[in-house]
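Dear colleague,

Here is the structure that I promised to hand over, with my notes on it following below. Please read them with the model open beside you.

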Amino acid sequence: MAARPTWKGFLKISLVNIPVRVFPATDSAATISFNQLHGECQTRIQQKRWCPKCEREVPLSEVVKGYEFEKGRYVVMDDEDLAKVRPESTRVIDLVQFTEVEAIDPIYIERPYYLAPDGQMSQQAFAVIREGMRGKAGIGKLALYGREYLVAVQPKEKGLVMYTMRRANEIRSMAAIDELEGVPEKVKPEEIKLAKQVISNFEGELDLAEYRDAYQEELQRIIDAKIAGEEVVAPEEQTPPKVVNLMDALRQSLDRVSTTKKKPVKVEAEKPAKAAPRKKAAAR
C-alpha cells in the first residue's frame, strides 16, 4: 500500500520555496498491540469521560481545554484562543541554518519523516536542493499537530528525511544522575587496552536489518499457539553471570573469540519452533 502524506506545505530556503509532502517514516503496525477486554466476557472495554464532581459521564461537546496555572486552578482555552496562535511556520518548513550532519547529537532526535516533492513541477527543484545539501543538515521550524517543532532536514537516498527535535530545555543534564558521581574518570591503561581488543573483535559493517525483534517473534508464536489451542511453555530464564573480576572477564572474552576463529557475531536468537497451523473457527 502506498504511503499517504500527513502534511503538505513548502520547504523554504532563503527565497526558494518548494512544495513538499510529509510522510511518516515509521510503521506502527509492525508492533503487536493489545486491546483491553473485560476478562469475564471478553468484551472490549470502553473509555468514558467521567466528572467526579458532577458524578456523571460528560459528552465530548462539554469538554474544554484547561491549563493548570496553580494547583487546582485552570484557565480555559477555546478554539478562538488557539486560532490566535499563528506561527510563521504553519505551512512552511523554514530552514534557517545549515550544519554538518555529525554535529547533531542523537539525543535531540525525536521522530523521523520523509519529504517528497508535491507535484511534478517541483521535482527538479527538489532534486537540486537535495544534492546541494549532501553531507549537511538544515535546521528550521515547523508547526505540526498543534505545536511548533524544531526540525532537522537532510538528504537520504532519492528524498529528504526530516527529524522533529527536542529543544535544549527538554534535555536533562547528565549531571542530574547521582549514580554517575562515583564513576571514575581514569582507569588503568592495561584494562583499556584489553577492552579495546575485545571490542575490536565485534566490529563490522552495520546492517540493522539483521537485528530481528526476538520479543515480537516469540510473542507472535505464543499468540498463534493459544489460537490453535496449544499449551504454551515458557523458556527457562537465564541470568547473566556477575562480573567478579573485570580483567578475567575480558580475557575470557578474547579466548572465546579465538576458539571460534573470530566468526561473525550472530545477534539473533535461535528461531523458535513454529506453532501448529491455525485451526479454522467452527461455524456458529
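Let me begin with a definition: a salt bridge, in these notes, is a side-chain nitrogen of Lys or Arg within 4 Å of a carboxyl oxygen of Asp or Glu. Before the results, please note that this is a predicted model, in which local features need pLDDT of at least 70 and side-chain atom pairs count only at pLDDT 80 or more, whereas totals for chains, interfaces and linings use all residues. Residues are numbered from 1 along each chain as its sequence is written, and side-chain values use heavy atoms, with hydrogens and water left out.

Salt bridges

By the rule above, the count comes to 11 salt bridges. One of them joins the side chains of R167 and E148, with an N to O distance of 3.9 Å. This pair links distant parts of the chain, 19 residues apart, since R167 is in the loop between strand 11 (159-165) and helix 3 (189-200) while E148 is in strand 10 (residues 147-156); helices (H or I, at least four residues) and strands (E, at least two) are DSSP runs, numbered from the N terminus. E148 also forms a salt bridge with K141, where the closest N and O atoms are 3.9 Å apart.

Another salt bridge brings together the side chains of E62 and R56, at 3.0 Å from N to O; E62 is partly exposed at 44%, and R56 is partly exposed at 36%.

Strand pairing

Two strands are said to pair if DSSP finds at least two bridges between them. Strand 7 (residues 92-100) pairs with strand 1 (residues 7-13) in the parallel sense, over four bridges, and K12 stands opposite D94 of strand 7. Strand 7 also pairs with strand 9 (residues 136-144), in the antiparallel sense and over six bridges, and there the bridge partner of Q97 is I139 in strand 9.

Nonpolar cores

A nonpolar core is a set of buried Ala, Val, Leu, Ile, Met, Phe, Trp, Tyr and Cys residues joined through side-chain atoms within 4.5 Å. The largest such core has 20 residues, and I93, L115, V153 and M162 are those with the most contacts inside it. The elements that give two or more residues to this core include strand 1, strand 7, helix 2 and strand 11. Taking contact to mean heavy atoms within 4.5 Å, and leaving aside neighbours within four places in sequence, M162 is in contact with several residues, among them V22, I93, L115, L142 and V153.

Loops

S122 is found in the loop between strand 8 (109-117) and helix 2 (123-132). Is S122 buried or exposed? S122 is buried, because its relative accessible area is 6%, and, not counting residues up to four places away in sequence, S122 touches I18, P19 and P117.

Two further loop residues deserve a look for their backbone angles. Most residues other than glycine have a negative phi. S14, however, has a positive phi near 55 degrees; S14 is found in the loop between strand 1 and strand 2 and is exposed, with a relative accessible area of 54%. E157, which is not a glycine either, has a positive phi of about 55 degrees; E157 is in the loop between strand 10 and strand 11 and is exposed at 64%.

Cysteines

With a disulfide taken as a pair of cysteine sulfur atoms within 2.5 Å, the count comes to zero disulfides. C51 is in no disulfide, and the nearest cysteine sulfur, that of C54, is 3.7 Å away. C54 is partly exposed, at 48% relative accessibility.

With best wishes

Note on methods: Buried means under 20% relative accessible area, exposed over 50%, partly exposed in between (1.4 Å probe, protein chains only).
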